[in-house]
Amino acid sequence: MLHQIIGQAKKHPSLIPLLVFIGAGGTGAGLYLLHLALFNPDNKLGPDDQYKFYSMNVDHSTLKKEGPDF
């Protein structure tokens, strides 16, 4: 399949930027998923941190902490 893509790029050089941007987008998406899998930000949130962007029922700033401050 890679041989066909290279053959088409040689016949139609105007496809080269398209292939570069598609490759960069796929690589960036894969690296972002890898980053989310390895460095999960949810593990660092405490009991008084707000998990949602907007919470209608709970005021997270008035919650008391369940452990000591280090």
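I'm calling a residue buried under 20% relative accessible area, exposed over 50%, and partly exposed in between (1.4 Å probe, protein chains only). By that rule, 4% of the 70 residues in this chain count as buried.

Note on the source: this is a predicted model, where local features need pLDDT of at least 70, side-chain atom pairs count only at pLDDT 80 or more, and totals for chains, interfaces and linings use all residues. Residues are numbered from 1 along each chain as its sequence is written, and side-chain values use heavy atoms, with hydrogens and water left out.

Looked up the fold next. I get two helices and zero strands, taking DSSP runs (H or I, at least four residues, for helices; E, at least two, for strands), numbered from the N terminus.

Checked I6. I6 sits in helix α1 and is partly exposed, at 42% relative accessible area.

Then the UniProt record. Its unreviewed entry annotates residues 15-38 as "transmembrane region"; such annotations may be inferred rather than shown by experiment, and positions follow the numbering used here, with feature names shortened. In the model I find that span 96% helix and 0% strand, with its end C-alpha atoms 35 Å apart.
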